[in-house]
Amino acid sequence: MMAHQAGQIAGPQGGAAAAVPQMTPRQARATASAPRRVPVLTTKVGLQMPAKMAYDEWERAGRQLADVLDSSSWWLGDWMVYGKDHYTDRYQRGIRAANLSYQTLRNYAWVSRRFTLDRRRPALSFQHHAELASMPVADQELWLDRAEQRQWTTKQLRGALRAARQGEQQPAVPARPARRLEVPGSRLEWWHQAAQQLGVDFEQWVMATLDSAAATALEVSGAAAEQRFEAAGPTGAQETQELAGSRPRPVAISA
């Protein structure tokens, strides 16, 4: 049975002998006591792992196995594409002979066709590419760049795509110009005390107070005032009305 070595690989043997620096007795003892690196072997039915294995070696083997698993999706996809292109009347027989899932191979082949070899990013997984396979090439490159630069996981990429789609579906709301009002510090502190005494948010209290004062000064009808209050939003309208009905101190309005 063929076994594939997924752990530490021995270096080349033979060749000219190289001078080895002499070790001190302490270095010699440390080298003798260091655990020997035993390779992890993959077989058709499992892994052959050493009884004692350092954590770093175990982690390295896991990364190598994950790379093989991810690469196999590309390998099988390319294999399927080649079979369909060259053996249109016989490639399904080859799939049955290899005991592979036809639907899974079709999915792999679809992603492989959408990304030529020169466009595949080694730093990203097959699943990263699968998330973007249905997009135009320009959009694929844009999101591949983002995922690679920001080191997104597949889940993070999927979330970013979902947020982008939701943003495109929502109508753009023109931003209203913001204006700054200069207020003396003593008066601002007075207003804070009033809002705190009522137990409401300071900014909400200010907006409700000013809206109420404007409606009174301009003698706005109840319906018109209601429309203006609702401009604050679905939840802001109710809060504005409740705060305006609390009748905060008139001195704060006249400032």
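Predicted model: local features only at pLDDT ≥ 70, side-chain atom pairs only at ≥ 80, totals over all residues.
Side chains of opposite charge can pair when their charged atoms come close. The structure holds nine such salt bridges, and the ones described here involve Arg119, Arg120 and Arg121.

Begin with Arg120, which sits in the loop between α4 (102–114) and α5 (126–132). Its relative accessibility is 14%, and because buried means under 20%, Arg120 counts as buried. Leaving aside residues up to four places away in sequence, Arg120 touches Trp74, Asp78, Ser112, Phe115 and His129. With Ser112 there is a polar approach: a polar atom of the Arg120 side chain lies 3.3 Å from the backbone oxygen of Ser112.

With Asp78, Arg120 forms a salt bridge, and the closest N and O atoms are 2.8 Å apart. Asp78 belongs to helix α2 (residues 55–86) while Arg120 is in the loop between α4 and α5, so this pair ties together parts that are 42 residues apart in sequence. Asp78 is partly exposed, at 28% relative accessibility.

Now turn to Arg119, which forms a salt bridge with Glu141, the closest N and O atoms being 2.8 Å apart. Glu141 lies in helix α6 (residues 137–150) and Arg119 in the loop between α4 and α5, so parts that are 22 residues apart in sequence are tied together. Arg119 is buried at 14% relative accessibility, whereas Glu141 is partly exposed at 24%.

Glu141 also meets Arg121 in a salt bridge, at 2.9 Å from N to O. This pair again links helix α6 with the loop between α4 and α5, 20 residues apart. Arg121 is buried, with a relative accessible area of 13%. Arg119, Arg121 and Glu141 belong to a network of salt bridges that includes Asp145 and Glu148.

Terms used:
Residues numbered from 1 in each chain as written. Heavy atoms only, no water. Helix = DSSP H or I, 4+ residues; strand = E, 2+ residues; numbered from the N terminus. Buried < 20%, exposed > 50% of the residue type's maximum accessible area, 1.4 Å probe, protein only. Polar contact = N/O pair within 3.5 Å; in protein donor to acceptor, adjacent residues only side chain to side chain. Contact = heavy atoms within 4.5 Å. Salt bridge = Lys/Arg side-chain N within 4 Å of Asp/Glu carboxyl O.
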